[in-house]
Amino acid sequence: LTMAELAKEAVLARLDDRRWYVVRNLVIVLQHTGDPLVTGHLAPVARFPHPRVRQIVLETYIRFRDPEGDRLLLLDLNSDDTGERMLAIRHSGESGDPRVRQALERILGEKGLPRERFAEKKEAIHSLARIGCPDTVPVLAKMLETRHFFRKSLHDALKREMVLSLAQYRDASAVALLRRTAQSSNLR
């Protein structure tokens, strides 16, 4: 990795290797070059069938703020594969694309709460907090004010996560929501 810049051309020449662990390691070396131009060579690798390769390619796009990373995030956020969706939710907190934020808000606002979607919604709360966009605060406010009769303990756990995440928004509307929530009996 300390020689990543010197090895860049040789690494780029080997990206067509069929072994997933080799390709993953090569992409890691490319990340350490610090050169955002390497993302131009990753399109074929992004279609690699192994999920660990896709993950490291996505991380590389995000690290270098390449718009292709946001495109892949949006695809994976709408995927039927729960593993891909969860991975995309985790990485979405690094995105600056408003469409990614809106997709996270949509995931968070989906009706019902099957136990298997609880982890996704919880992770979406954390990613939205890392993004810290004040436009998300009204979405959280609406959810905090809602009462649930079914799976109440899961909904209450999500509400606690939302309240804890408000400190990361650094916006007056988040402080006001925190005050209103503290006065409310909705979470008690």
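Modeller: Let me begin with accessibility, where a residue is buried under 20% relative accessible area, exposed over 50%, and partly exposed in between. Please keep in mind throughout that this is a predicted model.

Colleague: Why is Lys122 called partly exposed?

Modeller: Lys122, which lies in helix α8, has a relative accessibility of 33%, and because that value falls between 20% and 50%, the residue counts as partly exposed. Leaving aside residues up to four places away in sequence, Lys122 touches Leu158 and Glu161. Its C-alpha atom is separated by 34 Å from that of Thr33, a residue 89 positions apart from Lys122 along the chain.

Colleague: And Arg101, what makes that residue count as buried or exposed?

Modeller: The relative accessibility of Arg101 is 10%, which is under the 20% cut-off, and therefore Arg101 counts as buried. Arg101 has its place in helix α7, residues 98-109, and, with residues up to four places away in sequence not counted, it touches Leu128, Ile131, Cys133, Asp135 and Thr136.

Colleague: Which residues make the contact between α7 and α8?

Modeller: The axes of α7 and helix α8 (residues 115-131) come within 9 Å and cross at roughly 145°, and α7 passes α8 in a left-handed crossing. From α7 the contact takes Arg101, Leu104, Glu105, Ile107 and Leu108, and from α8 it takes Lys121, Ala124, Ile125, Ser127, Leu128 and Ile131. Sorted by class, these residues of the contact of α7 with α8 are 7 nonpolar, 1 polar and 3 charged.

Colleague: How do you know whether α4 is roughly parallel or antiparallel to α6?

Modeller: The axes of helix α4 (residues 51-63) and helix α6 (residues 82-91) come within 11 Å and cross at roughly 20°. Because angles under 35 degrees count as roughly parallel, that crossing makes α4 roughly parallel to α6. The crossing in which α4 passes α6 is right-handed. Arg54, Gln55, Leu58, Glu59 and Ile62 in α4 meet Glu84, Leu87 and His91 in α6, and by class the contact of α4 with α6 has 3 nonpolar, 2 polar and 3 charged residues.

Colleague: What makes the pair of Trp20 and Tyr21 stacked or edge-to-face?

Modeller: The structure holds 1 aromatic pair. The ring centres of Trp20 and Tyr21 are 5.9 Å apart, which is within the 6.5 Å needed for a pair, and their planes stand at 85°, which is over 60, so the pair is edge-to-face. As for accessibility, Trp20 at 24% counts as partly exposed, and Tyr21, with a relative accessible area of 40%, is partly exposed as well, because both values lie between 20% and 50%.

Colleague: Which phi value does Arg65 have, and why does this residue count as buried or exposed?

Modeller: Arg65 is not a glycine, although it has a positive phi of about 55°. Arg65 is found in the loop between α4 and α5 (67-77), and because its relative accessibility of 62% is over 50%, Arg65 counts as exposed.

Colleague: Where is Arg170 placed, and what makes this residue buried or exposed?

Modeller: Arg170 has its place in the loop between α10 (152-165) and α11 (172-183). Its phi is near 50°, a positive value in a residue other than glycine. The relative accessibility of Arg170 is 76%, which is over 50%, and therefore Arg170 counts as exposed.

Terms used. Residues are numbered from 1 along each chain as its sequence is written. This is a predicted model: local features need pLDDT of at least 70, side-chain atom pairs count only at pLDDT 80 or more; totals for chains, interfaces and linings use all residues. Side-chain values use heavy atoms; hydrogens and water are left out. Helices (H or I, at least four residues) and strands (E, at least two) are DSSP runs, numbered from the N terminus. Buried means under 20% relative accessible area, exposed over 50%, partly exposed in between (1.4 Å probe, protein chains only). Contact means heavy atoms within 4.5 Å. Axes are lines fitted to C-alpha atoms, for helices over the stretch in contact, and angles run from 0 to 180 degrees between N-to-C directions. Angles under 35 degrees count as roughly parallel, over 145 as roughly antiparallel, 65 to 115 as roughly perpendicular and the rest as oblique. A crossing is left-handed if the near helix is turned anticlockwise from the far one by less than a right angle, and right-handed if clockwise. Ala, Val, Leu, Ile, Met, Phe, Trp, Tyr, Cys and Pro count as nonpolar, Asp, Glu, Lys and Arg as charged, and the others, Gly among them, as polar. Rings of Phe, Tyr and Trp (its six-membered ring) pair if their centres lie within 6.5 Å; planes under 30 degrees apart count as stacked, over 60 as edge-to-face and the rest as tilted.
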